[in-house]
Amino acid sequence: MFGKLFGRDAERPEANPYALPVPRRQKNGTYPLRALGDTRVLALVEAADAGDWEAVKAALAPFDLGSDHAVLGELAELDGVQDWIGRAVDEDKEHRATALLISGARHISWGWEARTSARAVNVTQEQWRIFHERLETAEEQLLEAAELRPDWVTPWRSLLTSGRGMSLGPAVNETRRDAALRREPLDLGTHIEWVSQLQPRWGGEPGQALAFAREAFAGAPDGHRLGCVIAMAHIEEWVESDERDCLQHPRIRTELREAAERSILHHSYERRLGWQGDYNIFAMALSLAGSSTASNVFRELDGVFTEWPWTFMADPQKAYVRFRKAF
């Protein structure tokens with residue numbers, strides 16, 4: 001009865017049989033999400049960390065790497081993958097597309113590691129050289145993966161990232177965006193990449209990203225995670241602004257609250273693998289806006305912290321803890 005009164009099903013969802021045990025919390029009651037909180041993803045990460053391609057392929061069986069950006073991201077961020085994945089690309093003809101996808105995604109992350117997050121004027125010539133060298137490898141591999149598997153969306157989302165880094169220009173990047181959205185019109189990863197692309201620091205105009213986000217979410221069904229694109233557009237505006245309180249306006253609070261209520265806080269929202277990332281996006285945006293709805297989001301997270309998008313702050317986890325205490 002109470003579930004119906006509050007717009008939610010009375011029955012609680014079944015527990016995830018693959019959920020990782022909650023680790024010992026830090027003194028502040030928080031802990032970073034590991035391997036998307038899933039034992040199967042942990043097995044995949046451990047196999048990749050060991051450089052065991054056969055074990056990686058076996059661990060990938062439950063997942064669709066051609067559509068799951070979160071699982072691909074776990075491999076892309078893993079240091080050392082670049083040392084062995086090239087052999088899989090060259091030797092495993094049957095799974096060449098998968099190996100190319102993993103290698104291409106890893107080379108993008110590896111390239112940004114060389115460039116660092118410093119402002120362009122502070123990046124050395126040697127850093128730029130390595131950055132572009134790795135992104136060029138990523139471009140070649142991802143384009144081939146996309147050709148081998150034309151149904152996959154993940155290569156096109158990754159190509160948006162490399163295209164931005166290599167300054168390939170609007171025509172190329174718009175083509176890649178359209179290729180991704182033809183395959184999955186409501187793909188959140190692609191929309192978030194385009195929100196980044198439209199920022200002034202990447203050649204966009206003020207207000208473009210938010211307009212794009214609003215139009216995209218307007219066409220999404222209730223309970224869809226695409227609401228996160230609204231939150232990310234506001235976070236990006238905060239990053240671009242010189243005013244630290246630029247989101248603390250009633251209209252922004254209202255828009256973020258309504259987006260949260262129609263997406264992650266809606267009873268139709270499905271907590272798929274990596275859902276904690278969606279909640280962290282809203283937690284940061286709502287916190288920056290000073291919205292009391294942040295307390296609802298933090299409560300559902302129960303202390304789970306994801307690096308993205310808090311990496312826009314100097315000390316991501318401390319920022320998470322500070323805002324969590326504030327709400």
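## Surroundings of His69

In this predicted model, His69 touches Val153, Thr154, Arg157, Asp187 and Gly189, leaving aside residues up to four places away in sequence. With one of these, Asp187, the side chain of His69 forms a polar contact of 2.9 Å.

His69 itself belongs to helix α4, which covers residues 69-76. Its relative accessible area is 17%, so His69 is buried; the cut-off for that term is under 20%.

## Helix α12 against helix α13

Helix α12 spans residues 228-240, and its axis comes within 8 Å of the axis of α13, at a crossing angle of roughly 150°. The two helices are therefore roughly antiparallel, a term used for angles over 145 degrees. The crossing of α12 and α13 is left-handed.

On the α12 side, the contact is made by Ile230, Ala231 and His234, and on the α13 side by Ile252, Glu255, Leu256 and Ala259. Of the residues in this contact, five are nonpolar, one is polar and one is charged.

## Helix α13 against helix α14

Helix α13 (residues 250-262) also pairs with helix α14 (residues 275-289): their axes come within 9 Å and cross at roughly 155°. This angle makes α13 and α14 roughly antiparallel to each other, and their crossing is left-handed.

From α13, the residues in contact are Ile252, Arg253, Leu256, Arg257, Ala259 and Ala260; from α14, they are Phe282, Ala285, Leu286 and Ala289. This contact has eight nonpolar residues, two charged residues and no polar ones.

Terms used
Residues numbered from 1 in each chain as written. Predicted model: local features only at pLDDT ≥ 70, side-chain atom pairs only at ≥ 80, totals over all residues. Heavy atoms only, no water. Axes fitted to C-alpha atoms, helices over the stretch in contact; angles between N-to-C directions. Helix = DSSP H or I, 4+ residues; strand = E, 2+ residues; numbered from the N terminus. Parallel < 35°, antiparallel > 145°, perpendicular 65-115°, else oblique. Left-handed = near helix turned anticlockwise from the far one by under 90°. Contact = heavy atoms within 4.5 Å. Nonpolar A, V, L, I, M, F, W, Y, C, P; charged D, E, K, R; others polar. Buried < 20%, exposed > 50% of the residue type's maximum accessible area, 1.4 Å probe, protein only. Polar contact = N/O pair within 3.5 Å; in protein donor to acceptor, adjacent residues only side chain to side chain.
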